[in-house]
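Hi everyone, thanks for coming. Let me put the structure up on the screen, and then we can walk through it together.

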Amino acid sequence: MVLAAPVIEVASFGLARGAVYALLALGLVLIYRTTGVTNFAHWGLGLFGLVAYFLLTSKAGMSPVLAAILSVLLAGASGAASYQAVFRHVKRTNQVVLILIALGVAQFAAVVAQMLLGFEATTLVEPWLPVSRVNVGNAAVFSTQIVAAGAAIAIAMMFLPWFRYSRTGRALRAVAQNREAASLAGIDEHRYSTIAWAIGSALAGLALLLIIPFTAGDRGGVITAVETTPFGNFLIPAFGAALVGGLVNLPLAVVGGFVFGIAQEMMILAPSWWSTRRSVVAAILIVILLLAHTERFFVVRAEQEALEA
Amino acid sequence: MKSLVAPAETAVAEAAPPPKSLSMRMPRLKRAQVLAGVAFLALGFLPLAFGSFGLYIAAYVAVWAMLELSIVVVTGYAGMISLMPFTFVGIGACTTGVAVAVWGWPFWLAVPLAALATVPVSVMVGAASVRLKGLYLAIATLTFGNALGETLFKWDDFTGGQAGHVMERPKLGALSFSGDFAFYVLSIATALLMVWAVHGLKNSRAGRAMLAVRDNEREAQALGINATKAKLTALVVGGMIAGVGGAFYLALLETVARSGFQSPYVELTSLLLVVWAVIGGIDSAFGAFLGAIALITQTVVFQGAERVFAYVGVYAAFVLIIFLLLRPGGIVQVVKIQAERIRENPSRAIPASIIGFGIQVAIIVVILVYGAE
């Protein structure tokens, strides 16, 4: 079967979008599972990385690739810093306060990003990956979209075994499952929570860097007023993706990311009554996932109780 | 879920020994109320000094206080985080617009209709809230607000198209509220009435049920409190307050563009509402007013001066986080603790309060001077 060119092109946009959702969802799940924080500031922390990339390339004149690496590290550092400064001081059972604080951090990050961008309505950022058109069948897709999808899959493939078998990964899971037992076994809860925040936020920074600098194709990309709002346009679907795995299952969060991304773009091809109501479909899906309480399928009873306390 | 303000009560208790009986406590409350009343009256006359612009800002504050009150009921009393308060405001505003501008209803009939129009959405959120706790409800409301922005607020008949319905300020017989002073008096009177009602709700049977469910849902149910009913009541009451606020929001601005109720602006405004409700004091009706004063003075006064607005925004986020860690009861709690300390040890606490207040003022002044350069 030969797919029509527009289908392939739209699907490649969906793949890139899905990669972003997958990386955001991976970070959301990692942070929620280890520290119990529903990270509404996830977009804001990723935004730090993007803004750092813009400043490093445009103001400091650094080479884009080096700037991209540095800004991913900076996003991770901002996540670790926000855990150390704020989140570690709140009991994880106090969900309402944790969420309100996350909202405060989101607000903080968004306004700081606006300040650093100099209050411009749109800010041009240069690409850091080579952008070219690649022919797939009779369609031409952007190389960066393939790179984004490939990067997300590669990171997931590396991350999941690491989380399962490495010493740090096992310690992270121990903290998630039973903090008390973990600390009795000599695992420093705060150290591993900081690591989880750093990795999660670095992934958020990478997610933004994989899509925003390429929004205008080979001319680079733009940061608009939408991106500098506290939740951006990506956080809600990323939560949806994370909820596919009940906010606790990492592989399913990645799968969910791609499903949400591709579905969202493919619906553009649907009749206009449907394509203009994509967020409604997303909302219905998310509410169904929420009501199904999917997390109970993925975690042991003790961990579920720890999360629900 | 633990109480949002449990540390608040313990902090007050540490500062002063708990009163032995209720009768001992009553006079102190009364005096605080009288003081608050006097302060309010004084504040009420303040805008007059700034003429028409001052009155406009003051009316804006009053309307925004109504919007903040809905968060006090839903999040402060019942402990549910709703990230769609501004969607309810939009429903109220658009319903009022349809009723007045299209059907030709008087404003006074449109206000109750605006309140009622929010009920179906509240019930929808309520149905979700039965099964979803804490973060799950927060995510659900975030997506509800997003989805309603793409459906309800794209419906031209409801929103009045891209530009929105145009409505004149209300009239009552020969009495017109179109002037700035008259509208200010109307909106501040309505807001104060609602503050009084929401404050009263806290001590009513329904309000105490909400607080009990907020502090410990299982314990409350064991005591025979219907948690579902308490949550639903909070959501419906909160939604109706936001609906009335929306009607006044439209009356204040005379027209409201629908893009404000669509993503991503609806999330932005909802978040601002929540942030400032927390800073004011989320479980206090009076705190809602303080939050509204703080938010609107900066929003309106610095309109266009984005830099100042941003600096204040960063400072506010900082204050919010400090408050949530140390004083979850917001400004109201800080004032209460300070008042308690002054009562205990005036010679030490009065200078400390003045210095603390002075530092706040100094920070704001630095922001203003630095931002306006």
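What percentage of the 309 residues in chain A do buried residues make up? The answer is 53%, where buried means 20 or more other C-beta atoms within 10 Å of a residue's own, exposed means 12 or fewer, partly exposed lies in between, and C-beta atoms are placed from the backbone.

A quick word on what you are looking at. This is a predicted model, in which local features need pLDDT of at least 70 and side-chain atom pairs count only at pLDDT 80 or more, while totals for chains, interfaces and linings use all residues. Residues are numbered from 1 along each chain as its sequence is written, and chains are lettered from A and ligands numbered from 1 in the order in which they are written.

Let's stay with chain A. It has 13 helices and four strands; these are DSSP runs, H or I of at least four residues for helices and E of at least two for strands, numbered from the N terminus. Along the principal axes, the C-alpha atoms of chain A fill a box of roughly 60 × 50 × 35 Å.

Now have a look at helix 8 of chain A, residues 189-211. From first C-alpha to last, this helix of 23 residues reaches 34 Å, close to the expected 33 Å, which is 1.5 Å times one less than the number of residues. Helix 8 of chain A is largely enclosed by the rest of the structure, because 20 of its 23 residues are buried.

Next, where do the chains meet? Here 37 residues of chain A are in contact with 41 residues of chain B, contact meaning C-beta atoms, placed from the backbone, within 7 Å. On the chain A side, the largest share, 14 residues, comes from helix 4 of chain A.

Over to chain B. The axes of helix 3 (residues 51-77) and helix 13 (residues 265-280) of chain B come within 9 Å and cross at roughly 75 degrees; axes are lines fitted to C-alpha atoms, for helices over the stretch in contact, with angles from 0 to 180 degrees between N-to-C directions. These two helices of chain B are therefore roughly perpendicular, the word used for 65 to 115 degrees. Residues making the contact include B:Leu67 and B:Ile71 of helix 3 of chain B, and B:Trp276 of helix 13 of chain B.

Last stop: B:Ile364, in helix 17 (residues 346-371) of chain B. B:Ile364 is partly exposed, with 15 other C-beta atoms within 10 Å.

Key
Angles under 35 degrees count as roughly parallel, over 145 as roughly antiparallel, 65 to 115 as roughly perpendicular and the rest as oblique. Two residues are in contact if their C-beta atoms, placed from the backbone, lie within 7 Å.
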